Amino acid sequence: MNDLSVNTSRSASIAGKVAEVTLLFWVLKIIATTLGETAGDALSMTLGLGYVTALVVTAVFLLAVLAVQISAERSRIALFWLAIVATTTMGTEVSDMMDRTLGLGYVWGSMILTAGLLTTLAVWYYRKRDLSIRGIVRTETEIMFWIAVIFSNSLGTAFGDALVDVVGLSYIQGALVTAGVIGVVLALHYATRVNAIFLFWVAFIFTRPFGATFGDFLTKSISQGGLELGRLQASAVALVLMAVLMFFASGPWAQRRLA
C-alpha cells in the first residue's frame, strides 16, 4: 500500500511538470523561441564565441537545466520554460553550425533534423503507444519529450533560416508564412477532427521558425530587412516579457486549454 501511494504521488507530480497547453503556453513558446534566436546569435556573433564553442556552451547549460527539470518532484513553471529557452538557444547553434561550419545547408540540415524528430517520436510511440504531453508519469517518457523538443526546436530554426536564405523571403515575410501555418493548425483544431496530438507537434515545430525569423527581423541590419536592435537588448526584453507572463501563468484565466 505504501509503495502504491508513493508511486501514485510520484506519477502525479511528474504529470504536472509539463506545462498545460493553454493560450499562454503558445504565447510563452513564441517568446521563448524569439529569445532563443537572439540569445544564440548573441553568443556566437555578438560575443564572438563562434558556432562550435557556442554550441558547447549551450549544450552544457541545457543538460544542466534538464537534469534539474527531470529530477524535480513537482511542477516548476520557471524551470520548465528555462529548459524550453535552453533548447531553442541550442537549436540556433545547431542549425547555424550545420549550415555554416559543416556546410550542409539549411535544406539538408532540416532533412537530418526531421529524421531525428520522426525517429524520436516513433520510438516514443512504440514504447508508450501515446505521444500526448498530458499525463506524462515516467522519467523515461519525459526524457523522450525533451529529446523531441530539442529536435523540433533545431528543425524549426533551420526551416526558418531556409525560408530567408534559400527561398529568399524577408524576415517579416518568413514570420508571416509561419504564422499562417500556425493559423491553419488552429483552424483545423477547432473546425475539424484532425488528431489533436499531431496538430500539437506541428504547431510546436512551426512556432520555432516564427520566433527565428521574427528574432532576426528584430536584430538584423536595416539593409538586411531588419530593425537593427541589439541582440543582447532584444534578448533582455524577451526575458523580462517571459518573466512577466509567467508571473500571471498560475491565474485562473490561464487554465483555459487550447489543446
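Helix axes are lines fitted to C-alpha atoms over the stretch in contact, and angles run from 0 to 180 degrees between N-to-C directions. Helices (H or I, at least four residues) and strands (E, at least two) are DSSP runs, numbered from the N terminus. The model is predicted, so local features need pLDDT of at least 70 and side-chain atom pairs count only at pLDDT 80 or more, while totals for chains, interfaces and linings use all residues. Residues are numbered from 1 along each chain as its sequence is written, and side-chain values use heavy atoms, with hydrogens and water left out.

**Exercise 1. Describe how helix H7 packs against helix H8.**

Step 1. The axes of H7 (residues 171-191) and H8 (residues 196-219) come within 8 Å and cross at roughly 160°.

Step 2. H7 is therefore roughly antiparallel to H8, given that angles under 35 degrees count as roughly parallel, over 145 as roughly antiparallel, 65 to 115 as roughly perpendicular and the rest as oblique.

Step 3. The crossing of H7 and H8 is left-handed; this term applies if the near helix is turned anticlockwise from the far one by less than a right angle, and right-handed applies if clockwise.

Step 4. Contact means heavy atoms within 4.5 Å. The H7 side of the contact includes Tyr171, Ile172 and His189, and the H8 side includes Leu199, Phe206 and Phe217.

Step 5. By class, the contact of H7 with H8 has 16 nonpolar, five polar and one charged residues. Here Ala, Val, Leu, Ile, Met, Phe, Trp, Tyr, Cys and Pro count as nonpolar, Asp, Glu, Lys and Arg as charged, and the others, Gly among them, as polar.

**Exercise 2. Carry out the analysis for H2 and H8.**

Step 1. The axes of H2 (residues 23-46) and H8 come within 7 Å and cross at roughly 45°.

Step 2. This angle makes H2 oblique to H8.

Step 3. H2 and H8 cross in a right-handed sense.

Step 4. The contact of H2 with H8 comprises 10 nonpolar, eight polar and five charged residues.

**Exercise 3. Characterise the pairs of Phe25 with Trp26 and of Phe200 with Phe204.**

Step 1. Rings of Phe, Tyr and Trp (its six-membered ring) pair if their centres lie within 6.5 Å; planes under 30 degrees apart count as stacked, over 60 as edge-to-face and the rest as tilted. The count comes to 13 aromatic pairs.

Step 2. The ring centres of Phe25 and Trp26 are 5.1 Å apart with planes at 85°, so this pair is edge-to-face. Both Phe25 and Trp26 are buried, where buried means under 20% relative accessible area, exposed over 50%, and partly exposed in between (1.4 Å probe, protein chains only).

Step 3. Phe200 and Phe204 form a tilted pair, 5.6 Å centre to centre with 40° between the planes. Because they are four residues apart in helix H8, about one helical turn separates Phe200 and Phe204.

Step 4. Phe200 is buried at 7% relative accessible area, and Phe204 is buried at 1%.

Step 5. Ring pairs link a cluster that includes Phe25, Trp26, Trp124, Phe200 and Phe204.

**Exercise 4. Examine the backbone and setting of Arg129.**

Step 1. Most residues other than glycine have a negative phi.

Step 2. Arg129 is not a glycine, yet has a positive phi of about 60°.

Step 3. Arg129 lies in the loop between helix H5 (105-128) and helix H6 (139-165), and is exposed, with a relative accessible area of 55%.
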